[in-house]
Amino acid sequence: MTMPEPDATPPTEAAVTTPARGVPQAAAEATAPADVAAPPAPAPSAPPAPAYGPVPPAPQFGPVPPTAQQYGPVPPTGEQYGPVPPTGQQYGPVPPNGHPGAVPPPVSAGGPGLGVLALPAAAAGLAYAATLIVAFVASIALVAAVSGSSALPDGALLSLPFVLAGAALLGPLHSSGSAYGYEAMSLQLTVVPLTLTLVALAAVAVWTRLRGRADRTAKERWRDALVTGAILGVGGAFLAALVRLTWSVDAVFVTADLKIGAAPVGTLLGGFLIGTLGSALGSATTRRGPDSRRLGFAVPRAVSATLGNLLTAGAVSTVLVAVVGGVVGVIKLGVTTTIALLLTLLPNATLYALSLGAFGGLTSSGSIADGGEHTASLFSDGTPAGLWACVALVLVAVLVAAVRGFLASGRRGWGDAWVTPAVLVAVTGLAAIVTSVRLSTGGDLVDTDSGAVHISFLTILLAAFWGLVIEAAERVVAPAVVSLVPALPGLYARATGRDAADAQQAPAEAPTGDQRTARIVTLSILGAVVVLGGLLGARAVVSSVFFSPEAPAMAYVEAIQDGRASDALALADPDLPTDQRTLLTDDVYGAVENRPTGGHVTDVRTSGDDAWVTVESKQDGATVTQELQLTRQGHAFLLFDRWVLVSPAIPDVDVYAALPMDATSVLVNGVETDLRDMSVFSALPGTYTLSLPVPEGSEDLLTSSSVDVTVEWPSDYSSSYLDVDEELAYTLTDEATSQLEEASTEYLTADCIGAGTLTVETCGLDIWEYREDEATAITWTLDGDPTFETTFESPEEILVHVSGEATVSYTLPAAEYWPAESPVETDDYDFWITYAVTDGKLVQTEVSEWGW
């Protein structure tokens with residue numbers, strides 16, 4: 001028997017009046033006459049039989065079932081099936097009685113043949129083809145985005161679309177690699193590219209809707225749906241097993257393979273689910289929208305209306321995310337990467353954005369969260385301020401769902417206000433499942449690990465609250481919006497195929513009690529939302545400014561920049577003994593040049609109770625990066641997290657190469673630092689001047705060479721080795737040189753020239769005279785100025801080499817064989833005087849003819 005479209009009025013129903021239109025509807029009487037040549041004459045009070053045509057004999061179309069069994073329970077008067085179409089168009093023209101014309105082909109007694117596979121096979125093939133085409137475009141964009149790198153193997157443009165299509169059919173991505181004959185690693189990533197999944201689902205539904213026969217029974221529709229799912233699942237699984245991305249490496253010492261593809265088993269099950277669901281949706285769809293009665297069951301009208309409201313709100317939200325995300329993506333990621341993401345993960349991003357905007361969050365667990373569990377929300381530390389736009393997205397979705405519900409159902413009481421919260425909780429739970437990302441690894445060369453990211457359980461609970469907000473907005477806000485935008489009913493009528501007059505008509509006034517209840521409930525909810533939102537917003541602002549991980553990190557960085565060492569150490573006290581804190585004072589560090597400047601946070605990562613803040617600064621014209629670690633320790637004022645800075649490693653400088661062997665200390669920016677135990681000192685970033693300490697009171701005699709060293713935040717090692725060409729050394733001042741020459745001259749004059757002997761060994765003077773013992777009136781005189789050569793070995797050993805020429809005259813008395821004489825002779829003096837700096841004075845310690 002021919003089944004009418006669900007939006008048609010069954011002929012067995014009595015004449016009714018549609019309240020929305022006030023038009024009486026006449027129904028033809030359903031009878032099962034015997035085989036007669038002419039139809040019976042219509043009753044005078046009934047409409048003429050030719051309006052619908054005579055009912056053909058029962059044997060032609062099969063026996064007529066009892067009334068109400070044929071169409072199920074009779075719906076409310078006129079509202080379920082809508083207006084009656086023009087006569088004869090509702091069921092198609094009925095041939096005159098006795099002249100049946102074309103008779104439907106008889107069904108074989110052996111049951112359905114292979115012809116029943118035509119529609120499911122075509123639907124499955126079209127769905128996979130459509131998914132493959134979109135995946136191919138996304139693959140082109142992805143390959144263009146990574147062009148020039150070795151991230152993708154040769155032939156990726158041909159294989160990648162099939163891999164993405166398998167993932168769209170809910171097949172987890174499986175990667176396996178082998179090397180040296182071992183299964184080096186295996187990785188399974190479950191992420192559903194919902195854009196492609198919806199393409200497959202829509203393709204099956206549209207093809208089934210356009211090509212499916214209207215006379216099919218519910219059993220036949222479910223049969224076609226299951227066959228469609230089976231074909232799509234088997235075909236998708238076959239192609240997933242056949243086509244994979246493959247990398248191969250065959251070098252001298254390495255032979256390895258890596259394959260990535262969709263898991264066939266998952267693709268089989270997912271394809272079956274998507275094909276079955278898409279075909280069922282297509283079979284249940286009429287001109288007026290989905291009608292589950294075509295599948296043999298009835299969905300409550302309130303539930304179906306709520307699903308329509310949420311679907312409309314989701315579609316609008318997706319468009320907004322596509323526009324805003326597309327613009328931001330093009331700016332930050334580039335055109336090709338943005339296209340690839342929109343063609344694969346747009347619905348995923350929309351659902352994540354709605355979850356965040358609803359004050360829920362995304363939960364990560366396993367290795368992704370360092371072995372723990374962490375939920376990121378708008379109130380999490382380090383959340384970009386731009387993500388607060390997700391709240392506006394949620395509010396727009398609420399408004400769209402409320403207005404659509406008002407246009408579809410008019411003013412309603414509060415009796416079914418529970419429907420939207422319940423349905424939204426179920427939908428959110430389903431969204432949490434399909435948008436979850438799961439990762440697992442294993443193999444001979446990698447550790448077995450797993451992790452996941454999914455919509456948080458809190459989001460599912462909050463869905464009930466937002467469902468109640470939608471119900472309240474539908475009763476209070478939506479009427480005001482419709483009155484302000486008169487074009488909305490007409491737009492809704494065109495979108496749904498309803499009559500404009502029918503869409504415009506809704507009860508003008510609700511019962512007074514309902515209005516009062518609506519106002520009370522709505523104002524209470526809105527007030528609670530405003531207060532809660534204000535408190536949460538204020539907490540978020542205060543937390544992000546004063547109680548985020550960046551706050552103590554930047555306080556530390558700013559103290560370093562300002563030279564306030566004591567404030568920096570108060571925030572993070574280093575584990576250093578007292579003798580290594582000599583340079584960690586305000587007086588010392590405040591005078592240090594080239595301290596870091598312009599510090600700013602570039603990245604914040606949190607994991608459980610730990611956070612890492614990356615700070616970028618400028619030091620001596622170069623960019624330096626420092627990563628500060630913080631831990632969460634309790635709460636401040638019971639509402640805010642208290643982040644404590646883990647003491648950063650204070651840089652150490654090893655100056656061994658710059659020190660003399662006997663040095664026991666060094667001056668760093670004028671501050672003496674003890675180096676008796678080790679040649680390392682600790683200092684905060686900046687440029688320091690190193691020199692040797694001058695003994696007290698000897699500043700006029702000695703000075704030290706110096707070297708500048710720039711200390712930076714440690715990167716790989718906490719100690720840096722100072723590489724210098726020459727070691728630090730003392731030098732004599734001009735005053736010391738002058739005093740040395742003066743003292744040496746005095747010694748030369750008094751102890752050498754004034755010795756009164758012909759031989760002065762310490763001075764190198766030696767006149768050979770046989771009668772030396774008899775010489776008298778010995779007088780030495782200097783022939784010119786002496787020459788001084790000073791050699792500084794250490795403050796305890798300063799050598800002055802004295803040299804020159806002297807003339808001696810003496811008298812020899814007459815003796816038995818020698819007459820009296822007055823010889824005059826010349827000799828060279830050459831000797832070394834050793835001095836030491838003691839108590840700020842030059843003290844002679846030794847005189848030597850040889851300088852040893």
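The accessible surface of this chain comes to about 44,100 Å², and 62% of it belongs to carbon and sulfur atoms; areas here come from the Shrake-Rupley method with a 1.4 Å probe, and for residues only the protein chains shown count as cover. Bear in mind that you are looking at a predicted model, where local features need pLDDT of at least 70, side-chain atom pairs count only at pLDDT 80 or more, and totals for chains, interfaces and linings use all residues. Residues are numbered from 1 along each chain as its sequence is written, and side-chain values use heavy atoms, with hydrogens and water left out.

Let's start with the overall build. The chain holds 18 helices and 32 strands, taken as DSSP runs numbered from the N terminus (helices: H or I, at least four residues; strands: E, at least two). Of its 852 residues, 40% count as buried, a word that stands for under 20% relative accessible area, with exposed over 50% and partly exposed in between (1.4 Å probe, protein chains only). Among contacts (heavy atoms within 4.5 Å) between residues at least 6 apart in sequence, 67% join residues at least 24 apart.

Now step inside. In soluble globular proteins, nonpolar side chains tend to be buried together. Here the largest nonpolar core has 42 residues, and those with the most contacts inside it are Tyr 556, Phe 681, Leu 684, Tyr 688, Leu 690 and Leu 728. Helix H15 (residues 550-562) gives the most to this core, with five residues. Such a core is a set of buried Ala, Val, Leu, Ile, Met, Phe, Trp, Tyr and Cys residues joined through side-chain atoms within 4.5 Å. Leaving aside neighbours within four places in sequence, Phe 681 touches several residues, including Leu 583, Pro 651, Val 668 and Leu 690. Apart from this core lies another, of 31 residues, with Leu 740, Val 800, Tyr 829 and Leu 842 among them.

Next, look at the cysteines. The structure holds one disulfide, meaning a pair of cysteine sulfur atoms within 2.5 Å. This link joins Cys 752 to Cys 763, with an S to S distance of 1.6 Å. Cys 752 sits in helix H18 (residues 734-752), while Cys 763 is in the loop between strand S26 (759-760) and strand S27 (765-766). Both cysteines are buried, and their link is left-handed, with -70 degrees about the S-S bond. Cys 390 counts as buried because its relative accessible area is 9%.

Val 327 lies in helix H7 (residues 301-332) and counts as partly exposed because its relative accessibility is 48%.
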